[in-house]
Each structure stands twice: as C-alpha cells, then as structure tokens.
Amino acid sequence: MASQKSESATVLPGHVVRSRGRDHTRTGHFTPLIYAILVIGACLSLGPFIFMIMTSLKSYGSLINNNFWPWPPLGTEALQWQNYPRAIVEVGWDSQWGTWLFFRYAANSILVAGAVVCGVLLTSSLAAYAFAQIDLPGKNVLFLFVLATIMVPSDLVLVPKVVLMYELGWYNTYAALIVPFLDSVFGIFLLRQFFQQVPRDLFDAAMLDGAGHVRYLRSVMLPLSSPAVITLALFTFIWSWDEFKWPLLVTRDSNMRVLGVGLQQFMAGEGGNSAHLLMALATIVVIPVLAFYVVTQKHFTEAIITSGIKA
Amino acid sequence: MKRVGPARRARRRREIALGYAFLAPAFVLLLVFEFFPIFYGLYISSCDWRLRCVSFVGLRNYVQALNDPAAWHSLLITATYAFISIPIQLVLGLFIAHLLFQKIRGRPVFRLIYFLPYITSSVAAASIWGYLYSPDQGPINAIMGVVGLQPLRWLGEPRGIFTLIASDFGMDLPSWASGPSLALLALIIFTTWVFTGYSITIFLAGLANIPKELNEAARVDGASGWQVFRLITLPLLSPTTYFLLVFTIIGTFKEFNHVYVLTQGGPGDSTMTAGIYIFNQLYSLNRYGYSAALSFLLFFVILVLTVLQNRFVGRRVVYG
C-alpha cells in the first residue's frame, strides 16, 4: 500500500510530528475513512428509530406488502397520522379514571418517577448532609453500613421484596411502585462527595448569621452542589422510567401499569400483529425521553463518566 | 479540658438529634428494603413457600437447583450470551471511541447519536427490534431479500447458527456443533446496539485521561500510529477497560428487560437466560422458595466471576 510509505515530516511551530502512512491522527490521511466508518455507525444507531417512525406512519396494507416508501414521490399514500389515536384507542379504556388506558399508563409513569425523584433527592440530601457536616457519634459505622448495601444487587432480594409487598398489603398499589425506591445509596455517596467539598468557613459564617442546619443545607449546600443534584435527579428519573420487572411483579390491574409494562403487554397481545400501531406507541414512549436526553446530554455524559454508572 | 456551658451542651445535643433525624429516612428505607430482605430471602429460600412458609425444607431448594438441568442450561445460555456479546461491545466501543478521539468535526453529534440507543427505554427498544426482526414484515428480512439472501426467522429460530450455515451447503451437523441459536445471536446484535454507546462514552473518558505528551513523545521517536495505540494507549487505558469488563459482565448476567420483552426465553429455551429462568419460577410458577434459592446461587456465580477477574485480570491493570 502506497500510503504506508514514509512521507516527509511535517514541521509545525513548536513541535515536530513525523507523519507516516499509518499516522491517521495528524495527517488526516485516513480522515475520509474515519468519517465513513463513523457515519455508517451513526446510521446503524439511528436506523431502528427511523424505521420506527416510518412504520408508525404507514397503513396496514403498506406494512404487510413490505412497501418501504408508500408516500409521495414514490407512492400515493398520505402519512397515516391517524395511527397514533388508533393505537391509543386500541390499548383500551380505563373506566376508573374515565380516560384511555394509555394515558393512564403515562400518568402512572410520571407519577411514580416524579415521586421517586423527589423522595430520593430528599432522603439522600438529608443523609449526605448528616454524613458530611454534622459530627455524629457512630457516623463511620453507619457509613460503612451504607457502603455494604451497595453490594446487594437488586435481583438478589427480588423475591423477599415481592413477598414483603404482599405482607404490607401494598400489592397492586402505588406504594409498591414508589416506596421501595425512595432511597438511593448512589445518591447519598454522590451528594456527600459534593457536600464535603464545600469550605467549612461558609458554615461558620452562616452559623454566625444565625442560620441552622436546615437552612444551611437548603440555601447554601444544595445550590452549591447543583451539578450533583441534577445528575442524581436525571439518573433517578431514567431508572424509574425504565422500571419493568418490578411493576410487572407487584401490579395486577391494567390501570396500575406503567408505560413499559403497558407497551410490553400490548406487544404480547393485540399489538403483535399490527406493527404500525405498536411503532406509533413506541414513538410516543421514546421521543420524549430522547428529547429530554438531547436537552440535558451535557450533564448526562459527565455524570456517567464521573460515576461510571450502568443503569 | 475546656469547660462547656449548659447552653452549649444543649445545643450540641440538639445537633446530634437533628443529625440522626436526617439519617433516619434513608436508613429506615435501606434497612427495610435492602438489608432485611437479604435475611428474609435466605429464610424464604429454605421454605416451601405458599403465601407463607408451609414447611421448612432446609437446603432442599438449593440441592434441587444444583440438580436442575434447566437451571444449568440457563446458566450456559447466559455464559454464551456474555462470552459473545462482551468482547463485541468492548472492542467495537474502543474502536469507535478511538476514531471519535481523532481530530474530527462533529464529535458531539456522533457521541449523542451513539448514545441514543442506551438511553431509550428498554421495552420500547425491544419492541422496535421485535418489529425489525419480524420474519414477514420486518425491514431486516426485506433488506436481505433485496441483497438476494434468504429470509430468516431470527428471534423465532431455535436452531444453531452453524447448523443453519451447514444446511445451506446441504450438510447435517451433530447437535454439539450446532452453535448458539440464531435467536440468541439476534438478541446479541440487539443488545450490542443498545450497550455499545455506553462503552464508547466510558472509553472516550478514559482516552481523555491519557496525557498527550506521552503520545507526542512516542511520535517524535518515530512510533507508528498502531505502535502508539498498542504500547501506550492500550496499557494506559487498562483501568477503564477493566472497569468496563467488570460492569459489563455483571450487567450481562443480570440482563432481563431486553431479553424478556423480545423472546421471553423462547423459542423453546434457546434464549432462556438465568435472569429469565429465575423470574419465570417466581412470576409464572409462583415457586418463591425455589426462585429465591436460584437468586442466591446466581449471585454466588457473579461474585466468583468478579473475584476471579480481580485475581487474574485486575492484576494486569496498569495504573499510570
């Protein structure tokens, strides 16, 4: 290959870079190839989403005839926006709230995720504050205990937790979906880390001004740690939104389902043979989260990198 | 010792009380929903459990699990799944991260796009791929038809991939040589799509931590791009790689949502991973004690794997 031959050295001000054929970092020799690979990868990443949206706008006829592009200019079909309301109707009616079941699923998901995020922020910031700022007897032992629970994988205690829900009388209630998730060891760690970095002088100054711990936490610590707070809120939200196994286990009635369970049940039932409707529902579920991610992505990637979290 | 006034002592007492009050909510929740269930689970696993402990059976559930061919099979499926998908995820992740790390335009956009599958809700992602793979209406078979390939049954195909390839040439393979089922391979392709973005993100962070001077010094000494990558980047990246390896192994052994929604373990038991097998014992068969025992055994397997990795791989990590 000609490109592997040694080429003349490129001299830049300040430093010398000897460029050789394989040196794609600097010469830009392989740059078109790099872009080509990256673009192919990006297409593979995005492809399924594009198919999802395209299919959600096809008629049933075009779907079963495998018509790739039934719309103008190649075809005559109009965009089938009515698939969306039809899919929602197809999922069913919730007589308890007098609304379409799919809206009930969405409301359940929002309610659960919202409550869990608020609860986690509250319990984690209180505990993290006590660990970071208050001189408590036995604090280190308690912190070790928190450390230890991080090693308990959630699946290990799945059965006893389900049994516990039955015994508390929480089966098929919002309490079962929310209460077990109101604390977060990750949250306590993360916030404690940030709280410890706040200079102690600030605390002394605040005390002189007559502020107490509660006020100091609320108006100094939390605002100063807002990156960590946002990270925690984002992660908790995404985790809660993606819950599937737990709601499947602890709810029975269709009107207690969250979006994930609702979508899976639709897929396993009526929706299995009408991919256009299933894709319409998937689009409704996916697009808000993706949009949310695109808006907050800077926080997100940073948070993933600093915490190394795998959801 | 400094003399402490009563007012000050009262204040200190109030502070301590407040501190414990701050810890209380998190601790009550941790105790009830994380700590207590471990022991409760051990208890349930030694019971014949039907709404309550009908009879105490000691280790019988564990013995039964060790003699359960289906449980071993599910472990084999899980190991196959992990063994194929983890190297793909890591190598592909490193490859793309390395490309993204070059001086290229639009890096943030690429990063964003590669990460989207990971952030998508798992059930929705699985429903999309269920459609992509569908034998009659799915785009994948349609594309294969355009290229002139035979359509495949993908997620509905329990036969091994080697058997399928061999049958194209009119050969019959013995069952031990059939390889992982096509359904499992289809799942692996799907989860590669989901998780590679995560590896890319972590590898990019690792690459950013490698001091640039080392790279440049090697260049000045005439090292080729490949040499720099192999002798500098790769060793200095090893803490990141190790971290990813540990997390991906734990992740694949626990993997549930994506697999369950797509195949529920089928067809037959060809994609029945340990996570799904344990879940089915609980959800479909109401065998609480048995399911709890299986969870503890799976946890033990993961623990052993992690310790082994620490012994044999962790030792070779270079902390630069």
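The model is predicted: local features require pLDDT of at least 70 and side-chain atom pairs count only at pLDDT 80 or more, whereas totals for chains, interfaces and linings use all residues. Residues are numbered from 1 along each chain as its sequence is written, and chains are lettered from A, with ligands numbered from 1, in the order in which they are written.

**Chain A.** Select chain A, which has 14 helices and 4 strands; these are DSSP runs numbered from the N terminus, helices being H or I of at least four residues and strands E of at least two. Of its 311 residues, 37% are buried, that is, 20 or more other C-beta atoms, placed from the backbone, lie within 10 Å of their own.

**The contact between the chains.** Now display both chains. Chain A contributes 78 residues to the contact and chain B contributes 73 residues; two residues are in contact if their C-beta atoms, placed from the backbone, lie within 7 Å. On the side of chain A that touches chain B, select helix α14 (residues 275–307) of chain A, which supplies the largest share, 14 residues. That side of chain A comprises 52 nonpolar, 16 polar and 10 charged residues. Here Ala, Val, Leu, Ile, Met, Phe, Trp, Tyr, Cys and Pro count as nonpolar, Asp, Glu, Lys and Arg as charged, and the others, Gly among them, as polar.

**Chain B.** Buried residues account for 41% of the 320 residues of chain B.

**Helix α11 of chain B.** Select residues 238–254 of chain B, the 17 residues of helix α11. Its buried residues are Thr240(B), Thr241(B), Leu244(B), Thr248(B), Thr252(B), Phe253(B) and Lys254(B).

**The α3–α11 pair.** Keep α3(B) and α11(B), which pack at about 145 degrees with their axes 10 Å apart; the axes are lines fitted to C-alpha atoms, for helices over the stretch in contact, and angles run from 0 to 180 degrees between N-to-C directions. From α3(B), the contacting residues include Tyr81(B), Ser85(B) and Gln89(B), and from α11(B) they include Leu245(B) and Ile249(B). The residues of this contact divide into 8 nonpolar and 6 polar, with no charged residue.

Terms used. A residue is buried if 20 or more other C-beta atoms lie within 10 Å of its own, exposed if 12 or fewer, and partly exposed in between; C-beta atoms are placed from the backbone. The expected span of a helix is 1.5 Å times one less than its number of residues.
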